[in-house]
Amino acid sequence: MDEPGRLQQRYENGYRLVAGCIPFRYRCLDESHHENSENVVEVLMINSTSGPGLLFPKGGWENDETVKEAAVREAIEEAGVRGDLLDFVGDYNFKSKTHEDEFSPEGLCKAAMFALLVKEELNAWPEQSTRIRSWLTISQAIQNCRHAWMKEALEYGFCKWLAQKRKTTS
C-alpha cells in the first residue's frame, strides 16, 4: 500500500530525498531556575513502528514543499511537536528496505537533517496512535538510536552544531 504523497516524492540521482530533524530542548537542572543554573540539552525521539530502537522524525520530501517545510511537517506528523527550525546539521545517506521502488530500486535515501528547538508538544497529532515520544539526554539517545546514520547525525552533526552555537553565544 502506498503512503499518501508517495507519488509526490522527490528523487535525485537514484536517491529518495528525505527531510528530518533532531528536536531538542533545554532543561534546567536546578529547580530554582537561577540565572547561573546549568541547562542540559535533551533530544526528543520516537519509537519505530517496525522494530526496536528510537528514531528522530523524518520522511519523504514532497515536490510541493521546501526541505525545511518537509522537516517541520514530519516533526508535527510523527512526533507531535512544533518549534523553531534552526540550522541544517548535515546530509546522511542510508538504505531503506521499505522504500525500494521503481525510482530507487535499492532503497537509497538521502536525509537532510535540521536542529528543531521545541516550543510546543501537541496533545493530538497525526501519528499519536503508533508513536511514543521520549525525551533523552544526548548520551541516552546515542545508546537507543535504531539506525547508525541517525546516531551519526546526532553525534557528528547536531553535537558539533551545538558546540559551535554555544561558542558563539558565550
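The model is predicted, so local features require pLDDT of at least 70 and side-chain atom pairs count only at pLDDT 80 or more, whereas totals for chains, interfaces and linings use all residues. Residues are numbered from 1 along each chain as its sequence is written, and side-chain values use heavy atoms, with hydrogens and water left out.

**Helix α1 and E78**

Keep E78 selected and display helix α1 (residues 67-79), where E78 has its place; helices (H or I, at least four residues) and strands (E, at least two) are DSSP runs, numbered from the N terminus. E78 is buried, with a relative accessible area of 9%; buried means under 20% relative accessible area, exposed over 50%, and partly exposed in between, with a 1.4 Å probe and protein chains only. Not counting residues up to four places away in sequence, E78 touches I46, F56, P57, K58, W125, E127 and R131, contact meaning heavy atoms within 4.5 Å.

Other buried residues of α1 include V67, R73 and E74. Among the elements that cover the buried residues of α1 are β2, β3 and β5 (58-60). Just after α1, G80 adopts a positive phi of about 65 degrees.

**The nonpolar core**

Next, select V43, F56, M113, L154 and F158, the residues with the most contacts inside the largest nonpolar core, which has 46 residues. Such a core is a set of buried Ala, Val, Leu, Ile, Met, Phe, Trp, Tyr and Cys residues joined through side-chain atoms within 4.5 Å. The largest share of this core, nine residues, comes from β7. Centre the view on F56: leaving aside neighbours within four places in sequence, its contacts include V43, E78, M113 and L154.

**E42 and its arginines**

Move to E42 in strand β3 (residues 39-47). E42 is buried, at a relative accessible area of 6%. Its side chain makes polar contacts with the side chains of R25 (2.7 Å) and R27 (2.8 Å). Follow R25 to W135: the charged end of R25 sits over the ring of W135, 4.0 Å from its centre. This label requires NZ of Lys or CZ of Arg within 6 Å of the ring centre and within 35 degrees of the ring normal.

**Aromatic pairs**

Finally, select the rings of Phe, Tyr and Trp (its six-membered ring), which pair if their centres lie within 6.5 Å; planes under 30 degrees apart count as stacked, over 60 as edge-to-face and the rest as tilted. By this rule there are seven aromatic pairs. The rings of F24 and W161 have centres 5.7 Å apart and planes at 70 degrees, so this pair is edge-to-face. F24 lies in strand β2 (residues 15-28) and W161 in helix α3 (residues 148-169), 137 residues apart. Both F24 and W161 are buried.

Then select F88 and F114, an edge-to-face pair at 5.6 Å centre to centre, with 65 degrees between the planes. F88 is partly exposed at 44% relative accessibility, whereas F114 is buried at 3%. As a last stop, select F24, Y26, F158 and W161, which ring pairs link into a cluster.

How values were computed
A polar contact is a pair of N or O atoms within 3.5 Å; within protein, one must be able to donate a hydrogen and the other to accept it, and residues adjacent in sequence count only if both atoms are side-chain atoms.
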